[in-house]
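Hi everyone, thanks for coming.

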Amino acid sequence: MKKLLLLTFFCLPLLSMSTGIEKAASMYICTGPKATVYHASKKCRGLNRCSGEVKEISLADAKEMKRRACKICY
Ligand SMILES: [Zn+2]
């Protein structure tokens, strides 16, 4: 029992660290009406066809907007 407690104690900071990184990651989206994906790179060719603006957002925001990961840069 004590061992299990120690294990969770050591794993927790690691878990929060990895989620912290994910939150800080920037994604790029096109604000055009036909855009449905988010991109890992600003230079992705999928963004070249963008009819709106290219905006930098967080991954959490991209998920909230129901965007899928771009097939070209992922
Ligand atoms: Zn892309």
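Okay, so which residues make up the largest nonpolar core here? Keep in mind that this is a predicted model. The core has ten residues: Met27, Tyr28, Ile29, Cys30, Ala35, Val37, Tyr38, Leu47, Ala62 and Cys70. Strand 1 and strand 2, which covers 37–39, are the elements that give two or more residues to this core. Strand 1 has the largest share, with four residues. As a bit of background, nonpolar side chains in soluble globular proteins tend to be buried together.

Is Tyr28 buried or exposed? Tyr28 counts as buried because 22 other C-beta atoms lie within 10 Å, and the cut-off for buried is 20 or more. And what does Tyr28 touch, if we skip residues up to four places away in sequence? That would be Tyr38, His39, Ser41, Lys42, Leu47, Val54 and Glu56. Take Leu47: it is 19 residues from Tyr28 along the chain, yet their C-alpha atoms are 8.6 Å apart.

In general, strands of a sheet pair through backbone hydrogen bonds, either parallel or antiparallel. Strand 1, residues 26–30, runs antiparallel to strand 3, and the two pair over five bridges. For example, Cys30 has Val54 in strand 3 as its bridge partner.

Notes: Residues are numbered from 1 along each chain as its sequence is written. This is a predicted model: local features need pLDDT of at least 70, side-chain atom pairs count only at pLDDT 80 or more; totals for chains, interfaces and linings use all residues. Two strands pair if DSSP finds at least two bridges between them. A nonpolar core is a set of buried Ala, Val, Leu, Ile, Met, Phe, Trp, Tyr and Cys residues joined through C-beta atoms within 7 Å. A residue is buried if 20 or more other C-beta atoms lie within 10 Å of its own, exposed if 12 or fewer, and partly exposed in between; C-beta atoms are placed from the backbone. Two residues are in contact if their C-beta atoms, placed from the backbone, lie within 7 Å.
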